[in-house]
Amino acid sequence: MRDETPLWLFGDQLGRHFHATPENRGREVLLIESEAALARRPFHRQKLHLVLSAMRHLAGELGDRATLVRARTYREGLARFGRPVVVHEPGSHAAERLVAGLIEEGRVEAELPTPGFIRSRRDFAAWADGRGRLVMEDFYRDQRRRFAILVEPDGDPVGGRWNLDRDNREPPPHRAVLGVPRAYRPREDEVDRGVRDDLDRLLRTGRIGPVGVDGPRLFAATHDEARRALRRFLTTRLASFGPHQDAMLAGDWTMSHALLSAPLNLGLLDPLAVVREAETCLRSGEAPLNSVEGFVRQILGWREWIWHLYWYLGPSYLGRNALDARTPLPDWWRRLDPSRVSARCLRTALAGVRDRAYAHHIQRLMVLGNFALQRGFAPRALTEWFATAFVDGHPWVMPANVIGMSQYADGGVAATKPYAAGGAYINAMSDYCRDCRYDPRIRLGPDACPFTAGYWAWLDRNATRLAGNRRMSRPLSGLRRLADREAVVEQEEHRRRY
């Protein structure tokens, strides 16, 4: 491999830690817009826009150093470029197979380690091999020690506890919005207008079939925008992030969330630098420990964990289905049509995906994921939906998040119990139930909450499969005592309106 060999960057490898490191600073950069990649799945319109905008902005910033090729496929783009390239580890099994084939053909000279994650795949495998159980909390603590994040000189956690999750479960306040400074909002430019025109043309000619609605770009597409978004969060929103990070308000889609998952997953921000800056906010007194630790855990712990599980568990993980869930995704779900839904929590979350290609993590887990779990949606199809309908979705992001944590389809690799809950949880942690036609306290009749009734029907359907899980012993005991169990199960088997 020669230093002057051009560097081919995928659309999720766009930050300076990919192309401006000492070993890469002098390389020519190749970017390929593959029409086949855009059309491969029913991606959200705003997701397509964000990726293309980010690639084109980077090409413009790099000037003569960058070559942007628009081609039918990646292979065609490489052939048109006409020279061998090097590439960083890509973000999917399919892309890795492509790169492996291109190496055999001599079109790619070498695959470089990715700087988009803090720990290497080899290091994770060494940590994971031989463990009886892969527990995120163990990995997270090891990450904290290894990279000296929020630890004292003796290696103990700052504040005496590794995990402050118990301090971060407050319900929302009794008002329409959380009342924090608004998140960073980028301004569109000529590049965005060109992207929109091109997507309109591809849509008119039937060459792409996106879902969702078009709208103003809401997420950072450049290094400078991502840095501004990070600084806005750290200086005005991080302090209030912790207590209400699990809360939901119908009129406040951002709450205190960072909205940094999209630029992080485009490779625009260095994740280790982000957590170190958050730690600085604690040291300076700008944010309390529970908020800083909760944010650090999402990036240093969970994001890294999800990436490494994707590679460590391999492609076969996508086929796991421990609860034998086989219901096809409804048309209204796939097409993002909230008008077909009456339950306010589900309607609000689905509308957020339609309008912004986004829902924060509790809406994803305890509304969308919880509903899908209760209704037995096929986990592989659901994983693909999350990966394509969300602006921060990528092939590596969703398998362990959906198949593991959300749907418990891996039987307990990513989570020790299913994240299933009835309407009482949603009522406690949101304002959705106040103006909903369903009552979270009722499980039978026309006012029966589909989450409350759905929870008991799901538990009945999976009682035998869950009998060996000690954390499910109390819910299963409650199911056995449920006087109207058979009636609830019968009702939910025939329910067609939610």
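How do the residues of the lining of the second largest pocket divide into nonpolar, polar and charged? The legends below take this up first, for what is a predicted model.

**View 1. The second largest pocket and its lining.** Here we look into a pocket with a volume of about 1100 Å³. Its lining is made up of 36 residues, and those nearest the centre are Arg40, Phe43, Ser92, Ala94 and Pro395. Two or more lining residues come from each of β2 (29–34), α2 (35–39), α3, α5 (93–105) and α17. As for the opening question, the lining divides into 19 nonpolar, nine polar and eight charged residues.

**View 2. The open sheet of five strands.** Follow the strands in the order β3-β2-β1-β4-β5, with parallel pairing. At the edges you will find β3 (66–71) and β5 (108–112), each of which pairs on one side only. From one strand to the next, the twist averages 30°.

**View 3. Where β2 meets β3.** These two strands run parallel and are joined by six bridges. Look for Glu33, which stands opposite Arg70 in β3.

**View 4. Helices on the sheet.** Helix α3 packs on the sheet and touches β1 (7–9), β2 and β3, with its direction at about 150° to that of β2. Helix α5, in turn, lies across β1, β4 (85–88) and β5, and runs at about 140° to β5.

**View 5. Helix α17 (residues 379–389), mostly covered.** Eight of the eleven residues in this helix are buried, among them Leu382, Trp385 and Phe386. The cover over the buried residues of α17 includes α3 (45–62), α14 (331–334), α15 (344–356), α16 (361–374) and α18 (398–406).

Technical notes
Residues numbered from 1 in each chain as written. Predicted model: local features only at pLDDT ≥ 70, side-chain atom pairs only at ≥ 80, totals over all residues. Heavy atoms only, no water. Buried < 20%, exposed > 50% of the residue type's maximum accessible area, 1.4 Å probe, protein only. Helix = DSSP H or I, 4+ residues; strand = E, 2+ residues; numbered from the N terminus. Contact = heavy atoms within 4.5 Å. 1 Å grid on protein atoms, 1.4 Å probe; cavity = no way out; pocket = protein on both sides within 12 Å on 5 of 7 lines; lining within 4 Å. Points joined across faces, edges and corners; volume = space filled by probe spheres on them. Nonpolar A, V, L, I, M, F, W, Y, C, P; charged D, E, K, R; others polar. Pairing = 2+ DSSP bridges. Axes fitted to C-alpha atoms, helices over the stretch in contact; angles between N-to-C directions.
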